[in-house]
Structures are given as C-alpha cells and as structure tokens.
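Subject: Handover of a structure, with notes on what was found

Dear colleague,

I am passing the structure below on to you, and my notes follow directly after it. Please read them with the sequence and the 3D view open side by side.

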Amino acid sequence: MYYKKTVKEVFNELDTNERGLSGEEAKKRLKDFGFNSIKPEKAKPLWRLIINQFTDPLIYILLIAAFFTIFIRHHIDTIAILSVVVINAIIGFFQEYKAEKAMQALKKLTTLKAIVVRNCMEERIDSTEIVPGDIIVLTAGNKVPADLRLFEENELEIDESAFTGESIPARKQVNTIKNDNTPIMNQTNMTFMGTIIVNGKGKGVVVKTGERTELGKISLDVKTTEREITPLQKKLKEFSIKIGSISLGLSLTVFFIGILKGLTVSEMILFSISMAVSIIPEGLPIVVTIAMAIGLKKMANKNAIIRRLIAVETLGSCNYICTDKTGTITENQMTVTKAYANGKIYDFTGIGYKPEGNVFLNNSKVKKDDDLNLLLLTGLLCNSAVLYEDNGEWKIDGDPTEGALIVAADKFGINIEKKEFQYKLVDEIPFSSKRQYMATLYKTKDENMLFVKGAPEKILSFSNNIHNFELSKHYLKMAESGLRVLGFGIKKLNIQNKQEVDIESEATHNLEFVGFQGIIDPPRENVIEAIKNTHNAGINVVMLTGDHKITAAAIAKQVGILKDNKLVITGQELDSNNNDFLVRNIENIAVYARVSPEHKFQIIEMLQQKGNIVAVTGDGINDAPALKKANIGVAMGKSGTDVAKEAADMVLKDDNYASIFEAVKVGRI
C-alpha cells in the first residue's frame with residue numbers, strides 16, 4: 001500500500017531517488033521484473049476452433065449413431081448423419097473464426113512512449129522498458145505508463161474513469177494517505193497504468209509494472225474467471241443425456257424381448273441399433289444452428305460481433321442486465337443542463353460536446369437575455385479548454401468541465417471566434433484545488449474585465465451580494481439533483497496595464513455574482529426508451545458504477561432504472577455488511593455506487609447463484625472481470641479513455657452503435 005507511505009519511505013524501499021536510476025541498474029531490474037506489459041490471451045489456434053465444433057453431447061450421440069449405421073451397413077443414414085455434423089461444424093467454425101479475427105484486430109496494442117529520468121537526465125523510452133524505481137515525468141495528453149507514487153504535482157488531473165467510473169478527472173496530490181483499505185478512486189497520491197493525464201504535470205516513482213499493476217490484476221482476474229455455459233448448452237446437455245438414456249434403455253429392452261421370443265442374437269443387434277439410430281433426432285443440431293445463424297445475422301445488422309454461435313440463444317434467456325454508468329448509459333462527455341442567473345432558471349438541450357441545442361426559460365426558447373449572456377460569457381472566457389472538430393466528432397482538449405462551459409455558450413450563440421477581437425487575454429490565475437477558483441483578466445476597447453469561476457461557496461464568499469443565503473439554497477438544490485455546480489463572478493477594473501493590479505486580490509473581493517451553471521455527464525440518446533423496452537420485456541436493469549451515490553441515483557432515476565421501491569447501495573455499505581445482506585436484498589437493489597471491480601464480480605456471481613441469466617454492459621477496464629463472469633458480456637465503446645487499446649484482451653471497443661441494448665459490439669458472448 002504505497003499510498004500509505006511517505007515519498008522518502010517509497011524511495012528507500014525501491015532503492016531510488018529523484019535523480020532516477022542508472023542505465024545499468026535499469027537493465028538489471030528489467031531482467032528481474034520483466035517487461036512492463038500485460039500478456040494478452042493467446043488467439044485460439046485453428047485446430048482448437050475445429051475441435052470445439054464437435055465438443056457437444058448431441059454431436060457425440062450423432063457420431064456414435066453414425067458409427068453404428070456403418071456397422072449395420074445403412075450407408076445412406078451414415079452419410080446423412082455425418083453431413084449434418086459436418087455442416088454444423090462448418091457453420092460454427094467460420095462464424096467463430098471471423099469473430100476471433102475481428103477480436104484480434106481490435107486487440108492490437110500500440111507501443112506507448114514515456115519520459116523517464118535515467119542517469120539524472122530525462123529521456124524518452126518505450127513504456128515496456130520501465131522498471132520499478134524509475135522516475136516518470138507526467139504531462140497533459142499522455143497516458144500513465146505504470147503504477148506510480150507521486151512526489152511532485154502541479155495542477156495534475158487524471159482521467160481515471162476506466163477504473164473508477166467517475167466522469168470528472170481526479171485531482172492529484174502528493175501527501176501520504178493514512179486510511180486503511182482506501183479504494184482506488186480515493187488514492188489521490190497514486191496514478192495507475194492506462195489512465196490519461198488531462199491537465200497539469202507531475203513526477204512519480206514507479207512502484208509496480210506489468211501484471212503487478214492494478215490493470216494487470218484485473219487482467220489476471222479475467223483470465224482466471226471460469227465462463228458460464230449458456231442456457232441452451234445446459235438444455236442440450238440434459239436433452240442429450242435423456243435421449244441417450246432412453247435410446248439405450250429401449251434398445252436393450254427390445255433386444256432382450258427379441259431373444260426371449262426366439263430371434264437370433266445377430267438379428268436383434270441389428271434391429272436394436274436401427275431403433276436407437278431412429279430415436280436420435282439427427283436434424284436437431286442443424287435446425288438449432290440455422291436458427292442461431294439467423295439470429296446472428298440480425299445481430300450483425302446491428303453492428304454486433306458474436307464470438308460464439310451458441311451464445312445467440314443466451315440473449316433471449318437473459319433476465320438481468322447489470323450496466324455501467326459512465327460511457328455506457330452516459331456519454332462520458334460533461335454537459336451543462338441547467339443555469340441560474342438573476343433569479344431565473346434555464347434549461348439546456350443537446351448532449352455531449354457537439355455544439356447543438358437550445359436554451360429554454362419556462363419552456364420558452366431564449367433568444368436574447370442579458371443575464372444569461374453574461375453568465376455564459378464568463379464561463380467561456382474563464383476557461384483554458386479548447387473545443388474542436390476531428391473527422392466529424394467534437395472533442396475537448398483540457399478539462400471536460402470547462403469544455404461543457406464552451407459548448408453551453410456556443411448553444412446561446414456566444415463563440416470565442418466571434419469575441420476574439422473584442423476580448424484580449426491579459427493575465428490569468430489557473431484553477432487550483434487549494435484556491436478552488438480560476439480567474440482571467442481580459443481587455444476590451446473600453447474596459448478591463450475580470451472573470452472568475454469556481455466552487456459556488458467560494459464565489460459567493462468573494463461576492464458583494466447580500467442574498468448569499470438564498471443563492472446557496474439554489475446551489476444546493478442543483479447539487480442534490482446530481483449536478484456538478486460552478487459559480488461565476490465578474491469585476492470591472494480601471495487599470496492601464498496588468499502591473500497596476502493584484503489579480504488574486506481583486507478576484508477574491510467585491511465580485512459581482514452572475515450565476516451558477518450545473519453540469520452532468522448526461523444519458524445517451526435513446527437510453528430511456530431502451531431501458532423502458534427492456535423492462536417491458538421482463539428484464540431487470542441494475543446500475544453498477546464507481547461514481548458518487550447522489551450522481552448515480554440521479555442518472556438512474558432519469559433513465560428509469562431507479563424506482564421508488566428500489567435501493568441504492570455503495571461499495572462501502574456492501575463491505576460493512578456481511579454476505580447475508582446481499583443475499584437478502586440483491587433483487588431489490590437497483591443502483592450500486594462507488595463499487596470496485598471486485599464488488600461487481602461479487603454482485604454478478606450472487607445473481608447467478610439465484611438462477612438468473614445475467615448480461616453485463618460496460619466500457620471500462622473496471623468492468624472487465626464482470627464482463628467475463630457474466631452469461632453475456634457486452635463491451636461497449638466510444639469511451640473517452642480509449643480503454644480497449646490498454647486492455648484489449650479484456651474489453652472490446654467500437655465507435656459505432658445506437659443505444660446500450662440495441663446496436664452494440666458484443667465483446668464476450
């Protein structure tokens with residue numbers, strides 16, 4: 001538990017320091033610890049795919065029947081039975097072969113580079129050559145190459161949604177954490193392999209590499225998890241045993257009756273074998289295969305890769321869907337949905353970073369409003385993110401929350417390109433978790449304007465508004481609905497040049513409060529309808545997320561997962577209660593918040609023990625063990641963290657689908 005140790009203790013344990021390892025020592029450790037990589041599951045060889053087509057109880061019986069038809073010289077029956085077996089094998093083989101190829105193509109990892117301090121100098125190396133004790137330099141836009149204990153940071157923010165399910169980047173710090181059993185989402189002095197650096201910079205010492213990392217542990221859990229057989233496989237197995245027992249029993253009965261009647265042994269052997277063959281439904285495997293192939297074709301039309309043909313039937317048997325929130329139900333793109341200015345509450349339409357949508361006040365579209373204009377302009381100019389379009393997709397460079405503010409302003413017609421000649425940036429104070437605010441100073445033709453945004457309670461404390469108590473109630477009401485709320489203020493300054501003003505002092509006194517903006521990671525389009533249809537089909541939907549309880553409950557209510565008679569439980573509450581609590585309440589719990597991959601696995605296992613057929617949908621590394629354990633694993637894409645390239649043997653990614661239970665990529669079914 002490196003998060004509990006001081007930086008000095010970590011350095012001593014790993015025999016390193018801020019100057020880094022020597023090249024010679026790094027080579028030695030590379031031999032001892034191995035490469036910093038996670039071994040993917042090996043692709044199935046062709047011979048294994050071929051053999052798999054014959055490992056079915058019903059096929060065994062058909063092969064036995066074919067053998068006996070040869071013995072009794074019914075060659076036409078032999079050809080017919082073997083034709084059924086071969087056709088079934090060919091269809092199954094080519095489907096699994098195509099799916100396996102598609103999966104392997106999606107699993108190709110790109111070699112990442114990392115900046116490491118070696119021999120007191122910074123150098124860029126392949127991330128696979130990193131060893132414990134290395135000093136890593138972290139900069140915005142790069143991925144964390146291993147598990148690190150931080151010892152330097154400057155406004156460092158990391159997107160850990162792949163592990164934690166939280167859509168807001170985690171702010172990092174370097175102080176020791178004393179609490180025992182601190183979950184990953186609260187280990188703020190650590191960074192983990194595969195996460196993305198969104199903002200700031202820092203340095204950390206490598207404490208774990210390869211399969212010893214948190215990502216590696218999840219990979220190992222996935223590889224060691226036994227897959228559940230499908231309901232159809234269970235039914236066919238039971239049917240095969242019954243039909244085999246009945247066939248054998250009747251054949252023996254008829255054989256002995258014939259002998260007692262005075263018929264010869266050779267005649268009765270031929271007759272008994274013929275009867276046994278006639279009982280076996282030779283056409284059943286091909287009928288089942290054709291039916292599943294039709295279902296597979298329909299799934300393919302909805303952009304689904306079915307890895308195993310037999311799994312198509314499992315989709316129809318499913319009665320539980322356990323779904324992740326961030327990136328699965330939601331966009332994993334922060335969006336302003338509400339704003340408050342001068343006593344008025346505004347609603348925004350449109351989701352994600354695409355600057356399309358409208359603003360409404362009392363259900364009427366707002367075209368002109370000076371109060372809203374000033375609020376949105378403040379959010380746009382007190383901002384360091386960049387919104388841009390890349391191959392038809394809108395993206396954000398920088399903090400996703402700041403990106404949401406840019407999009408909100410654009411929806412109201414305030415665009416930075418239109419304002420660039422009117423507002424010239426003079427100076428700024430970057431956001432700091434200690435300060436809890438950001439300030440920018442702009443100059444126009446006529447005046448100098450200070451724009452400030454930050455935590456609502458901070459902005460209210462900086463303002464000269466006498467109604468702060470009433471404003472605080474509006475802020476709390478927005479927060480209770482699951483929104484992340486930011487406060488905004490402005491101040492006009494009479495200065496000739498920036499040397500004449502102390503921006504920090506001006507930003508924290510006598511601000512004119514202009515309003516709040518409420519931000520959330522919104523549900524995907526069509527999700528509410530999809531979940532409604534799922535409930536109508538008799539399927540229960542449960543949310544499993546690492547996000548906060550309030551946020552998770554708000555989204556779950558919005559999309560129809562959380563009903564009045566259902567419970568919301570956190571991972572901490574699961575840990576504090578014994579297993580009997582989960583056994584008693586599992587069918588009444590609709591939302592699990594702040595849960596780890598281990599919790600998700602436990603929940604899926606418990607549902608299966610109660611006889612449920614469980615599907616799991618997710619798009620993050622933290623969903624991988626549950627995806628593997630589930631009867632149906634649906635690995636969804638379009639994740640802002642591009643998870644699949646970091647854990648390709650666990651999670652399948654694709655950018656083309658419509659809604660969570662319709663046109664999806666099926667990762668492991």
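Tyr-423 counts as buried, at 14% relative accessibility, where buried means under 20% relative accessible area, exposed means over 50%, and partly exposed lies in between, with a 1.4 Å probe and protein chains only. Tyr-423 sits in the loop between helix H15 (416-419) and strand S15 (424-429); helices (H or I, at least four residues) and strands (E, at least two) are DSSP runs, numbered from the N terminus. From C-alpha to C-alpha, Tyr-423 is 9.0 Å from Met-449 in space, while the two are 26 residues apart in sequence.

Before going further, please keep in mind that this is a predicted model, in which local features need pLDDT of at least 70 and side-chain atom pairs count only at pLDDT 80 or more, whereas totals for chains, interfaces and linings use all residues. Residues are numbered from 1 along each chain as its sequence is written, and side-chain values use heavy atoms, with hydrogens and water left out.

Salt bridges

Side chains of opposite charge can pair when their charged atoms come close. Taking a salt bridge as a side-chain nitrogen of Lys or Arg within 4 Å of a carboxyl oxygen of Asp or Glu, the count comes to 22 salt bridges.

One of them joins Asp-134 and Arg-118, whose closest N and O atoms are 2.8 Å apart. Asp-134 lies in the loop between strand S2 (121-126) and S3, and Arg-118 in strand S1, so this pair ties together parts that are 16 residues apart in sequence. Asp-134 is buried, with 0% relative accessibility, and Arg-118 is buried as well, at 9%.

Another salt bridge is formed by Lys-492 and Glu-447, with 4.0 Å between the closest N and O atoms. This pair links distant parts of the chain, 45 residues apart, since Lys-492 belongs to strand S18 (residues 484-493) and Glu-447 to the loop between strand S16 (437-443) and strand S17 (448-454). Lys-492 is exposed, with a relative accessible area of 59%, whereas Glu-447 is partly exposed at 29%.

Glu-573 forms a salt bridge with Lys-549, and here the closest N and O atoms are 3.6 Å apart. Because Glu-573 lies in helix H21 (residues 571-576) and Lys-549 in helix H20 (residues 549-559), the pair ties together parts that are 24 residues apart in sequence. Glu-573 is partly exposed at 29% relative accessibility, and Lys-549 is partly exposed with a relative accessible area of 34%.

A nonpolar patch on the surface

Ile-64, Phe-67, Phe-68, Phe-71, Ile-259, Val-265, Ile-269 and Leu-270 form a nonpolar patch on the surface, and together they have about 710 Å² of accessible area. Patches are made of residues with over 30% relative accessible area and no salt bridge, like charges being joined within 9 Å and nonpolar side chains (Val, Leu, Ile, Met, Phe, Trp, Tyr) within 5 Å; the areas come from the Shrake-Rupley method with a 1.4 Å probe, and for residues only the protein chains shown count as cover. Helix H4 (57-71) and helix H9 (265-279) are the elements that give two or more residues to the patch, and H4 gives the most, with four residues. Ile-259 is placed in helix H8 (residues 231-260) and is partly exposed, with a relative accessible area of 31%.

A cavity

The structure holds three cavities of 30 Å³ or more, and the second largest cavity has about 60 Å³ of space. Its lining includes Lys-113, Ile-136, Asn-142 and Pro-145, and strand S1 (113-118) and strand S3 (135-139) each supply at least two of the lining residues. The lining divides into seven nonpolar, one polar and two charged residues. On a 1 Å grid over the protein atoms alone, a cavity is a set of points where a 1.4 Å probe fits but cannot get out, and lining residues have an atom within 4 Å of a point. Grid points are joined across faces, edges and corners, and a volume is the space filled by probe spheres set on the points. For the lining, Ala, Val, Leu, Ile, Met, Phe, Trp, Tyr, Cys and Pro count as nonpolar, Asp, Glu, Lys and Arg as charged, and the others, Gly among them, as polar.

Backbone angles

Asp-15 has a positive phi of about 55 degrees although it is not a glycine; Asp-15 is found in the loop between helix H1 (7-14) and helix H2 (23-33) and is exposed, at 58% relative accessibility.

With kind regards

Technical notes
On a 1 Å grid over the protein atoms alone, a cavity is a set of points where a 1.4 Å probe fits but cannot get out, and a pocket is an open set with protein on both sides within 12 Å along at least five of seven lines; lining residues have an atom within 4 Å of a point.
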